[in-house]
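I opened the notebook to record what I looked up in this structure. The entries go from one residue to the whole chain.

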Amino acid sequence: MAIRPQQARPVPEPLVSALDALRRELGIPDDFPPDVHSAAIAAEAASRSHVGDDDAAERADRTDLDLVTIDPEGSRDLDQAVFVEPAGDGFTVWYAIADVAAFVTPGDPVDLEAHRRGQTLYAPHQRTPLHPPELSEDAASLLPEQVRPAVLWRLGLDTSGELTSTAVTRALVRSRAQLSYREVQESLDAGTAGPALELLRTVGLLRERLERQRGGVSLRIPEQEVVVEQEQWLVVHRSTLPVEGWNAQISLLTGIAAARLMLDAGVGLLRTLPPATESAIRTLRTTARALEIPWPAQTSYPEFVQGLDPEIGTHAAMLYACTLLFRGAGYEAFDGAPPQQPEHSALATPYAHVTAPLRRLVDRYGSEVCLAVSAGRPVPDWVLTALPQLPAEMAASHRTASAYERGIVDMVEALTLALHVGDEFTATVVAVTDDAARGTIVIRDPAVEARLAVPGLPLGGTARVRLVAVDVSAGRSEFELVPGSATP
């Protein structure tokens with residue numbers, strides 16, 4: 001499920017009051033208080049002359065680096081810029097991250113409001129940013145051909161893509177171009193991409209291979225995504241482009257490097273996910289047998305998942321079952337002894353969030369820890385004071401973001417289906433309850449996920465279903481099984 005950054009769009013009339021009600025229910029603000037806007041404007045003005053920027057003297061001028069940003073089309077809150085170059089037999093990855101701390105002072109109105117929000121929320125009709133747009137979409141954003149303060153990572157890799165060295169400092173950088181995933185993928189496919197983008201692909205592929213080797217798992221499930229086409233709101237199933245995975249590997253690489261710095265120093269904030277239990281793996285093996293998908297005893301869980309094709313109905317059901325192992329992610333703050341369970345099991349390594357500070361509160365703090373550790377300085381007191389409360393703050397904001405996205409997708413599903421009451425659709429059964437009393441179905445066109453209160457549905461099989469009722473304001477669509485249509 002995803003709602004990607006895009007230009008604001010008019011809201012279809014049936015959704016106006018429903019979206020307003022959802023935002024009120026979840027306590028999502030429409031704008032920033034005046035004092036927050038004023039503080040952001042003052043911070044932007046001060047940054048031009050480095051007034052109030054205590055770190056200005058230590059900023060190296062690295063505007064020579066050929067950095068570019070790669071994001072969804074229409075993005076304005078640009079957190080990251082990347083440049084990959086050869087280095088001997090290996091590679092150097094330069095990764096510039098927006099330096100939010102250059103504009104936000106602990107305890108100031110912008111900082112306090114960021115703690116209340118936790119993260120940026122996206123909807124087709126509006127963005128609810130973590131920081132005021134004066135910063136997040138302008139002064140602090142790594143917009144093209146603009147000199148910006150950044151937290152600059154220098155990551156050394158060997159020929160296999162393994163991390164061999166890490167350095168992180170404050171710097172001034174200038175992005176050469178704002179690129180979209182689509183145009184980068186097209187240039188790579190056409191052979192017209194420059195050397196740095198070709199190396200991004202090379203490093204991305206190497207890092208994906210290393211992830212598989214260490215037991216990391218990425219589930220290839222087409223996401224439900226809300227899009228706007230010619231003012232019409234739609235839900236579609238979207239598979240990611242290869243370049244999105246390669247670009248994500250740079251962010252993951254940086255997060256892995258950050259986690260190592262934190263663990264070595266005995267202070268920081270990790271993004272964690274408990275490992276799968278043996279009983280959960282046994283349950284998945286039982287599901288695989290029920291779906292008649294071979295899973296040899298000697299084949300590990302990561303190897304098994306890599307062989308699944310989401311376009312095959314039984315495999316899609318298996319992938320949905322595998323998502324159960326990815327629940328329970330959270331943050332672990334520590335100052336002294338590291339967490340008892342420091343790993344993110346989906347990545348099979350310790351990992352920290354440091355690459356999206358414009359959109360996620362916790363990343364600003366992670367960056368400050370790493371800057372201090374890398375420079376051999378004590379972590380600032382304002383960071384240490386905030387660390388213990390950040391996991392709870394981020395958990396609360398994640399609940400809000402999930403409820404907001406799910407509510408919007410449900411409403412747009414219902415809006416899409418409103419004119420089809422009485423129509424029949426072919427659906428894939430991707431999940432059934434333990435007592436087999438009901439299941440979850442996926443319809444490809446239109447892209448709909450729904451519950452079906454019918455016992456004995458064939459997991460991984462298909463069924464004809466009939467739409468019997470729609471309530472757009474409640475985001476509810478009700479289906480019934482066409483008698484005799486369910487097949488394994």
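I took helices (H or I, at least four residues) and strands (E, at least two) as DSSP runs, numbered from the N terminus. I noted that this is a predicted model, in which local features need pLDDT of at least 70, side-chain atom pairs count only at pLDDT 80 or more, and totals for chains, interfaces and linings use all residues. Residues are numbered from 1 along each chain as its sequence is written, and side-chain values use heavy atoms, with hydrogens and water left out.

I looked up aspartate 445 and found it in the loop that links strand E18 (439-443) to strand E19 (448-452). Aspartate 445 is exposed, at 67% relative accessible area; exposed means over 50%, buried under 20% and partly exposed in between, with a 1.4 Å probe and protein chains only. I also checked arginine 182, which is 263 residues from aspartate 445 along the chain; their C-alpha atoms are separated by 23 Å.

I then turned to the whole chain. The protein chain has 13 helices and 21 strands. Its radius of gyration is 24 Å, close to the 23 Å from the globule rule for 488 residues, so the chain is as compact as a globular protein of that length. The radius is taken over C-alpha atoms, and the rule is 2.2 Å times the number of residues to the power 0.38. Along the principal axes, the C-alpha atoms fill a box of roughly 75 × 55 × 50 Å. Buried residues make up 53% of the 488 residues.
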